[in-house]
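Subject: Handover of a structure and of the findings on it

Dear colleague,

Please find below the structure that I am handing over to you.

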Amino acid sequence: MASVTSLASTVDQRIADALSAALPEAGTADPLLRRSDRADFQANGILALAKKLKGNPRELATRVVAALPADGPIKHIEVSGPGFLNIGVTDRAIIETLAARAADSRLGVPYAERPGTTVIDYAQPNVAKEMHVGHLRSAVIGAAMVEILEFTGEKVIRRHHIGDWGTQFGMLIQYLVEHPHELDHGDGAGDGAGAGAGAAVDGETAMSNLNRLYKASRALFDSDEEFKARSRDRVVALQAGDEETRVFWQRFVDESKIYFYSVFDKLDLEIHDSDVVGESGYNHMLEETCRILEETGVAVRSEGALCVFFEDVKGPDGNQVPLIVKKSNGGYGYAATDLSAIRDRVRNLDATALLYVVDVRQSLHFRMVFETARRAGWLNDEVHAVQLAFGTVLGKDGKPFKTREGETVRLQDLLDEAVERATSVVREKAEKAGLSEHEITENGRYVGIGAVKYADLSTSAVRDYKFDLDQMVSLHGDTSVYLQYAYARIKSILRKAGDTAPAARPELELAPAERALGLHVDEFGAVLAEVASSYEPHKLAAYLYQLASHFTTFYDQCPVLKADTPAQVENRLFLCDLTARTLQRGLALLGIRAPERL
């Protein structure tokens with residue numbers, strides 16, 4: 001499986017070589033090549049070079065053009081404006097490059113030059129609490145980055161830092177100790193099977209049990225002082241490792257996992273039990289982490305608490321606001337857990353990068369945690385940490401997404417409604433597509449869940465976005481449904497072609513829409529490399545939308561099965577097939593399925 005050099009890279013190298021030949025005094029110069037609406041490519045680097053050499057940019061550009069060899073992929077080149085180079089490539093170069101991509105199972109996408117080990121912290125629900133719309137973005141964005149980074153050759157270790165520790169467990173465990181059958185509903189808890197460990201009804205039952213138990217224990221906690229005292233004693237027992245208390249605590253974790261996995265299964269996300277390492281997984285490291293920080297002077301005592309201070313983090317009164325690692329009462333803050341997790345991931349998992357897919361509202365906390373880890377030497381030039389911060393999911397009114405009653409929207413309800421809406425859209429087209437009832441149901445699920453994921457992933461992560469199901473399941477505009485229908489349309493064309501197989505025909509002249517489609521397909525590898533390095537999956541979504549749009553134009557302007565010659569039919573089928581493979585691969589990297597018939 002050999003990587004394929006893109007036309008952009010080939011042209012860029014040709015121009016760079018010509019720059020060196022024509023202007024040796026310039027040394028190594030970047031042509032600054034980019035796609036252009038005035039030509040296939042435009043090189044703007046000569047403008048900056050002219051300032052450096054104190055020369056006329058148009059004259060320098062003319063010398064560079066003269067130094068280009070006559071053969072190769074460049075069909076024509078002209079000096080434009082103050083010294084731009086407008087470059088067109090040959091039709092043959094486009095098809096030959098695409099043919100090389102088509103021959104490779106990876107579509108010619110290269111592996112990263114220096115892959116490392118990235119630990120991605122994402123999809124972090126809380127034990128004994130219902131998942132809501134706020135849990136959507138971390139799960140969807142994190143899962144996409146896992147797929148993208150793995151495709152580039154990175155070793156990826158998933159971590160789901162679930163909220164499985166804290167004082168609220170004292171109340172819950174004490175109530176369960178006194179009402180030991182409240183969570184009894186048959187086998188299946190804690191089997192570690194990952195997504196789908198319980199069917200949907202089991203997940204619903206698990207959450208119903210937890211909700212009921214939480215409300216009952218809370219009511220008792222608020223009304224019975226003796227139960228409140230017993231609950232606080234239970235927290236101490238839990239933190240001290242009391243065996244009976246830990247057994248009851250584990251029941252809450254196992255019951256919650258049944259529910260978590262049912263929701264993630266509905267979201268079409270694969271979660272492995274071995275990757276779930278909650279807050280409790282670092283308890284044994286907390287004291288050592290605090291000791292190291294204090295002994296090295298990174299953290300200091302302030303009013304009895306162990307704190308880390310920062311010059312640039314101050315409160316309204318102008319005083320520095322610290323990161324509290326250990327409270328004055330001896331309890332550990334979130335920072336102690338997060339710093340212990342960094343130590344574990346660097347020391348035991350050999351991470352070279354840590355990626356945290358966490359709400360933007362936690363940015364200050366993570367900035368302080370990362371800086372503390374750098375001061376302690378756990379992060380350095382070889383190991384870096386990044387927060388992939390995401391914004392809020394808003395309702396149509398532009399306010400945080402709530403139910404009519406003002407409650408937070410349950411994630412399960414939201415996904416069910418998306419599938420229901422999408423199934424209606426699929427059903428409207430079903431007769432024409434000849435879909436069975438089973439296909440309608442299955443495609444409705446793929447389209448509905450894909451719509452939810454794409455709406456999230458097509459927005460820059462740090463921005464808020466409006467959750468509008470009507471728009472999400474629309475066949476028009478920047479939606480996953482538009483992309484899925486483009487893919488299904490291509491597969492339909494290929495089926496109708498019968499025995500006529502796609503074949504690259506480099507000798508043919510291409511129509512403008514064929515050229516535009518081919519050049520865009522060729523950018524796939526470069527886009528993936530950028531997305532992987534910048535952690536910006538929305539750029540892949542934008543590329544795929546543009547790809548589907550280019551295909552729509554091509555389909556409207558270039559008859560495929562009724563092309564003028566048999567060779568042209570084969571070549572256009574070739575373009576269709578490679579476009580479909582690129583769409584399918586790109587959507588899969590975003591966690592979205594592409595049905596072959598819609």
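Just after helix 13, Gly434 adopts a positive phi of about 70°. Helices (H or I, at least four residues) and strands (E, at least two) are DSSP runs, numbered from the N terminus. Please note that this is a predicted model, in which local features need pLDDT of at least 70 and side-chain atom pairs count only at pLDDT 80 or more, while totals for chains, interfaces and linings use all residues. Residues are numbered from 1 along each chain as its sequence is written, and side-chain values use heavy atoms, with hydrogens and water left out.

Helix 13 itself comprises 23 residues (411–433), which should span 33 Å at 1.5 Å a residue; its end C-alpha atoms lie 31 Å apart, in agreement with that value. The expected span is 1.5 Å times one less than the number of residues. A kink of about 30° in helix 13 is centred on Arg427; the bend at a residue is the angle between axes fitted to the seven residues ending there and the seven starting there. The buried residues of helix 13 include Leu411, Leu414, Leu415, Ala418 and Val419. Here, buried means under 20% relative accessible area, exposed over 50%, and partly exposed in between (1.4 Å probe, protein chains only).

Positive phi values also occur elsewhere. Most residues other than glycine have a negative phi. Ala123, which is not a glycine, has a positive phi near 50°, and Ala128 has a positive phi of about 65°. Ala123 is located in the loop between strand 5 (117–121) and helix 5 (136–151), and Ala128 is likewise placed in the loop between strand 5 and helix 5. Are these residues buried or exposed? Ala123 counts as buried because its relative accessibility is 1%, and Ala128 is buried with a relative accessible area of 7%.

A lysine may also interest you. Lys257 belongs to helix 9 (residues 243–266) and counts as buried, at 11% relative accessibility. With its neighbours within four places in sequence left aside, Lys257 is in contact with Asp273 and Val276, where contact means heavy atoms within 4.5 Å.

Three strands form an open sheet in the order 7-8-9, with antiparallel pairing; two strands pair if DSSP finds at least two bridges between them. Strand 7 (300–302) and strand 9 (323–326) are at the edges, each with a single partner strand, so one side of each has no neighbour in the sheet. On average, neighbouring strands of this sheet are turned by 50° against each other, direction ignored. Strand 7 is joined to strand 8 (residues 305–308) by 3 bridges, and Ser302 has Ala305 in strand 8 as its bridge partner. Helix 12 (residues 363–376) packs on the sheet, touching strand 8 and strand 9, and its direction makes about 65° with that of strand 9. Axes are lines fitted to C-alpha atoms, for helices over the stretch in contact, and angles run from 0 to 180 degrees between N-to-C directions.

Finally, the protein chain as a whole has 20 helices and 13 strands. Of its 598 residues, 52% count as buried. The C-alpha trace spans about 90 × 65 × 45 Å along its principal axes.

A colleague
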